[in-house]
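Subject: Structure handover

Hello,

Here is the structure I said I would pass on. My notes on it follow below.

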Amino acid sequence: MKRIKIATAACMAWRASLLLAALTVLVLPARVYAGIVASSTRLIMTQQQPSLSVILANTNDYPIMVQTWIDDGSPDSTPEKASAPFIPLPAVFRMQPGAVQGLRVINKQDERLRALPADRESVFWLNLYEIPPKNPKILRADVHVAMAMNTQMKVFYRPVSLVGAPDNIIDKLQFSLIKNGDHYSLRCHNKSAFHASFGQMTLVAGGARYPLVQEMDMMTAPFSQRDYQINSPLNVLPVAPISLELVLFDDDGAARKSIVALSQ
């Protein structure tokens with residue numbers, strides 16, 4: 001899932017075009033309203049890989065300036081503060097309505113890369129900050145107010161020494177219900193070297209369904225655990241058996257559904 005930060009209040013809509021038809025690899029959730037569309041939802045950089053590329057399209061009805069940088073996901077990050085072993089080029093560019101632009105991410109292979117853990121995947125964020133003109137032309141009868149937005153895409157870094165395969169991550173995940181104060185939460189224990197990127201998750205027990213809170217970032221990091229909150233506070237442990245319906249996003253950003261039993 002992409003993260004989008006709104007810099008100025010406004011509203012906008014998608015524009016259908018032949019350009020989007022050409023980018024048939026895209027699978028974007030309907031709630032994403034950024035004007036920039038990318039040819040992939042995530043990027044994967046291996047240790048020896050010198051660079052990778054992604055194609056961007058401007059679906060706005062007006063030209064935009066785009067500024068790019070890669071950081072560790074800090075909410076107050078700026079291009080000046082960003083510190084990552086990767087750099088996107090070009091760093092600043094202009095896009096006309098409907099235009100396509102190639103973006104190249106360079107692996108600097110510097111000391112920051114060598115300082116990353118060798119036994120697990122690391123994650124960074126590619127920022128695509130789009131700046132509209134001050135007075136964009138309104139070409140349609142309905143009014144659209146331009147806004148500046150920052151779309152963030154995950155950039156996963158994988159050392160050569162990783163054990164296992166991301167396609168088998170579901171076999172390395174363990175789920176259980178744990179008591180947090182007066183209510184229960186779902187705990188995910190990720191025993192793999194890869195990030196587990198979740199979509200919707202729902203507990204099922206005794207014929208009842210308990211959806212989990214959908215957060216902006218639903219990842220569980222490698223060799224770690226994370227607690228997820230249930231939408232409606234669960235004060236009493238449901239009667240076993242308890243299962244979990246979940247969505248995991250793979251390397252292509254495709255949603256893969258699974259049902260797993262919870263540990264008692």
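Contact here means heavy atoms within 4.5 Å. Leaving aside its neighbours within four places in sequence, Leu-186 is in contact with a list of residues that includes Phe-175, Leu-177, Met-201, Leu-203, Arg-226, Tyr-228 and Leu-244.

Before going further, some conventions. This is a predicted model, in which local features need pLDDT of at least 70 and side-chain atom pairs count only at pLDDT 80 or more, while totals for chains, interfaces and linings use all residues. Residues are numbered from 1 along each chain as its sequence is written, and side-chain values use heavy atoms, with hydrogens and water left out.

Nonpolar cores

A nonpolar core is a set of buried Ala, Val, Leu, Ile, Met, Phe, Trp, Tyr and Cys residues joined through side-chain atoms within 4.5 Å. Buried means under 20% relative accessible area, exposed means over 50%, and partly exposed lies in between (1.4 Å probe, protein chains only). The largest such core has 26 residues, and Leu-186 is among those with the most contacts inside it, together with Phe-175, Phe-198, Met-201, Leu-203 and Leu-244. Strands S11 (173-180), S12 (183-190), S13 (196-205) and S17 (242-249) are the elements that give two or more residues to this core. Strands are DSSP runs (E, at least two residues), numbered from the N terminus. S13 gives the most, with 5 residues. A second, separate core has 25 residues, including Met-45, Leu-56, Ile-64 and Leu-116. In soluble globular proteins, nonpolar side chains tend to be buried together.

Two strands pair if DSSP finds at least two bridges between them. S11, S12 and S16 form an open sheet of 3 strands in the order S11-S12-S16, with antiparallel pairing. S11 and S16 are the edge strands, each pairing on one side only. On average, neighbouring strands of this sheet are turned by 30° against each other, direction ignored; the axes behind that angle are lines fitted to C-alpha atoms, and angles run from 0 to 180 degrees between N-to-C directions. S11 and S12 are joined by 8 bridges. Leu-186 in S12 is the bridge partner of Leu-177.

Aromatic pairs

Rings of Phe, Tyr and Trp (its six-membered ring) pair if their centres lie within 6.5 Å; planes under 30 degrees apart count as stacked, over 60 as edge-to-face and the rest as tilted. A search of the whole structure finds 5 aromatic pairs. One of them is Trp-69 with Tyr-129, a tilted pair at 6.4 Å centre to centre and 55° between the planes. Trp-69 is in strand S5 (residues 64-71) and Tyr-129 in strand S9 (residues 122-131), 60 residues apart. Trp-69 counts as buried because its relative accessibility is 8%, whereas Tyr-129, at 23%, is partly exposed. Phe-198 and Tyr-228 form an edge-to-face pair, 5.9 Å centre to centre with 85° between the planes. Both of these residues are buried. Phe-86, Phe-124 and Tyr-157 are linked into a cluster by ring pairs.

Asp-71

Asp-71 is also in strand S5. Its relative accessible area is 2%, so Asp-71 is buried. A polar contact is a pair of N or O atoms within 3.5 Å; within protein, one must be able to donate a hydrogen and the other to accept it, and residues adjacent in sequence count only if both atoms are side-chain atoms. The side chain of Asp-71 makes such contacts with the side chains of Trp-69 (3.1 Å) and Ser-77 (2.6 Å).

Regards

Note on methods. Helix = DSSP H or I, 4+ residues; strand = E, 2+ residues; numbered from the N terminus.
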